[in-house]
Amino acid sequence: MARRVLVTGGAGYIGSHTVLQLLLEGFSVVVVDNLDNSSVVAVQRVAQLAGEFGKNLAFHRFDIRDKEALEKVFATSKFDAVIHFAGLKAVGESVQKPLIYYENNIIGTITLLEVMAAHGCKKLVFSSSATVYGWPKDLPCTEESPLCAMNPYGRTKLMIEEICHDIHHADGDWKIMLLRYFNPVGAHPSGQIGEDPCGIPNNLMPLVQQVAVGRRPTLAVFGNDYSTKDGTGVRDYIHVVDLADGHIAALQKFFEDPNIGCEVYNLGTGKGTSVLEMVAAFEKASGKKIPLVMAGRRPGDAEILYACTVKAEKELSWKAKYGIEEMCRDQWNWATKNPWGYRSPDPPN
């Protein structure tokens, strides 16, 4: 009997790529998503890409704060585990609208945890973030680095981590993986699914992509006076397919190791890449020139952030396989086939 996993936010960027990998690994998957910043087309394409395994995918559209709807899903299916992606994720917006972030991310998670507990499902993989490290003094960031979120979005992730530690402490039956992502980029190599944020993107690569396909005239570089090799911010970019595979590795650990408690893992490559290096790699992959406009630093942005990934390599037997060349190649493939994201006409097969 296939193991069944509930994926909240499974129509989103990282969620959709993870759902595809789960299906291909033989899991049965139920996706819950309110489509606030995602598209049902992503779910449909995941089902197609999964081929014969597509039949093991079900989709429900609702907000996880809707406890009654969540109860119904748990009442009709027995889940072996939950992967929790659902939440708002724009740093700048969180500074302007903090209450919406606390309401969505924290209350949504508490509702989910309550329903999970009521139905005896106590295995959770949580989508956390490197934002919990704030502006680290020592690099690379290890899982033991001091935690100091610098914005409401990061604080919601940190609070949810604390809640997870607390419920495990209160009830040892809970088994929880807190996965701290660095900077996910790229797309599935098929070019059928990728990142398609609603409105103005908050992250570098969707902005670069929109300039390359002619949707934006220039790319604003926020800060070129940092103490880095070229003055621009340095991040640990990770291919979204590698990130999805990290979730599979975390799930497998649940079923293989009975001693799992509440564990934290960094998911990154361990390499720092500057904004200008990433733009140059994308220009090379796409053959397009990206016109730049230098802008001031964004409040809340760290100067340099990259991961130590030793713990995930050792304990989850997981390591990122792809470099920035592959990230940019796959990002461009998605962009050329879907210049307007999921609102584009269907790409040819």
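Predicted model: local features only at pLDDT ≥ 70, side-chain atom pairs only at ≥ 80, totals over all residues.
Biologist: What makes β5 and β6 a pair, and in which sense do they run?

Modeller: Strands β5 (residues 123-129) and β6 pair in the parallel sense over 7 bridges. The strands themselves are DSSP runs (E, at least two residues), and helices are runs of H or I with at least four residues, numbered from the N terminus.

Biologist: Why is β6 called mostly covered?

Modeller: Buried means under 20% relative accessible area, exposed over 50%, and partly exposed in between (1.4 Å probe, protein chains only). In β6 (residues 175-181), 7 of its 7 residues are buried, so the strand is described as mostly covered. Lys 175, Met 177, Leu 179 and Tyr 181 point one way, and Ile 176, Leu 178 and Arg 180 point the other way.

Biologist: What makes the unit of β5, α6 and β6 right-handed?

Modeller: A crossover is right-handed if, with the strands pointing away from the viewer, the path from the first strand over the helix to the second runs clockwise. The β-α-β unit made by β5, helix α6 (residues 152-170) and β6 is right-handed, so its path runs clockwise in that view.

Biologist: Which strand joins β6 by 6 bridges?

Modeller: Strand β11 (residues 262-267) runs parallel to β6 and is joined to it by 6 bridges. Here Met 177 stands opposite Glu 263.

Biologist: In what order do the 7 strands of the open sheet lie, and which are the edge strands?

Modeller: The order is β3-β2-β1-β4-β5-β6-β11, with parallel pairing. The edge strands are β3 (57-61) and β11, since each pairs on one side only.

Biologist: How do you know that helix α5 runs at about 175° to β4?

Modeller: Axes are lines fitted to C-alpha atoms, for helices over the stretch in contact (heavy atoms within 4.5 Å). Angles run from 0 to 180 degrees between N-to-C directions. By that convention, helix α5 (residues 98-118), which lies across β1, β4 (81-84) and β5, makes about 175° with β4.

Notes
Residues numbered from 1 in each chain as written. Heavy atoms only, no water. Pairing = 2+ DSSP bridges.
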